[in-house]
Amino acid sequence: MRRWLLDLHLYLGLLCLPYLVVFGVSSILLNHGLHSETHSNWQREIAQPAAGSPGEQAAAVRDALGLSGSVLAHTVKRDAAGTLRFKAIRPGRSYQVELAASGLARVQEANGGVTGMLRDLHGLHDTQSSRWSLSWALYTELATAVLLFSIASGVILIWPRRRERALGFGAGALGLAGVLALAVAIW
């Protein structure tokens, strides 16, 4: 039983190691703003979307332009002249889209590169029109479950070893005290 638990603890931890590395790197990028963006503007003629809600029209325009990402509902606006404006985002990129009544779509694209993509993966659960975002959401849930399992199995594995137990719990208590001190300092 102990050997089986140790193997499970080790190999599930290795399975989730890449996720924890991405989570750590994205935390650093979020906290320190260590990313840059390149901007580009382009335009294309497209057909006006069929009748529907402004959100449905924005999604149709996004698809007609060949963009992927989530349309931010609170940014969808149609003015009196018939111009449809909205913003769409995906990890590492954002698009500000303006479709004139004439059918001319203007797009302002912000590309955050690899660091922008890593930053945006932090906490991502769903991106509309993406086949892969669901797999990232499932990987996030798996990594969270494995982390909780690893904590519990680590305690079970170290408990019979009296000397290592004291060191393990001491290190855990020191880490917890550090996190609490940092939280209080930030607060």
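**Entry 1: helix 1**

I began with burial along helix 1 and found Leu5, Cys16, Tyr19, Val22, Ser26 and Leu29 buried. I note here that this is a predicted model.

Next I looked up the length of helix 1. The helix has 31 residues and reaches 42 Å from its first C-alpha to its last. That is close to the 45 Å expected at 1.5 Å a residue.

Where does helix 1 bend? I found a bend of about 45° at cysteine 16, one of the buried residues of this helix. A proline, proline 18, follows within four residues.

I then checked what comes after the helix. Helix 1 is followed by glycine 33, and the phi of glycine 33 is positive, near 60°.

**Entry 2: helix 1 against helix 3**

I looked up the packing of helix 1 (residues 2-32) with helix 3 (residues 113-121). Their axes come within 8 Å and cross at roughly 105°. Angles of 65 to 115 degrees count as roughly perpendicular, so helix 1 and helix 3 are roughly perpendicular to each other.

Which residues make the contact? From helix 1 I listed Val22, Val25, Ser26, Leu29 and Leu30. From helix 3 I listed Thr115, Leu118, Arg119 and Leu121. Sorted by class, the contact has six nonpolar, two polar and one charged residues. I went back to the burial list for helix 1 and found Val22, Ser26 and Leu29 on it; these residues are also in the contact with helix 3.

**Entry 3: glutamine 108**

I picked glutamine 108, which lies in strand 6 (residues 104-111). Is glutamine 108 buried, partly exposed or exposed? Its relative accessible area is 48%. The cut-off for exposed is over 50% and for buried under 20%, so glutamine 108 is partly exposed.

For contacts I did not count residues up to four places away in sequence. Glutamine 108 touches Ser40, Asn41, Ser94, Tyr95 and Gln96. I also looked up tryptophan 42, which is 66 residues from glutamine 108 in sequence. In space the two are 6.7 Å apart, C-alpha to C-alpha.

**Entry 4: alanine 64**

Last I looked up alanine 64, which lies in helix 2 (residues 54-64). Alanine 64 has 45% relative accessibility and therefore counts as partly exposed.

What does alanine 64 contact, leaving aside its neighbours within four places in sequence? I found Arg44 and Ile46. I also looked up the separation of alanine 64 and glycine 92, which are 28 residues apart along the chain. Their C-alpha atoms are separated by 21 Å.

Notes:
Residues numbered from 1 in each chain as written. Predicted model: local features only at pLDDT ≥ 70, side-chain atom pairs only at ≥ 80, totals over all residues. Heavy atoms only, no water. Axes fitted to C-alpha atoms, helices over the stretch in contact; angles between N-to-C directions. Helix = DSSP H or I, 4+ residues; strand = E, 2+ residues; numbered from the N terminus. Parallel < 35°, antiparallel > 145°, perpendicular 65-115°, else oblique. Contact = heavy atoms within 4.5 Å. Nonpolar A, V, L, I, M, F, W, Y, C, P; charged D, E, K, R; others polar. Expected span 1.5 Å × (residues − 1). Bend = angle between axes of the 7 residues up to and from the residue. Buried < 20%, exposed > 50% of the residue type's maximum accessible area, 1.4 Å probe, protein only.
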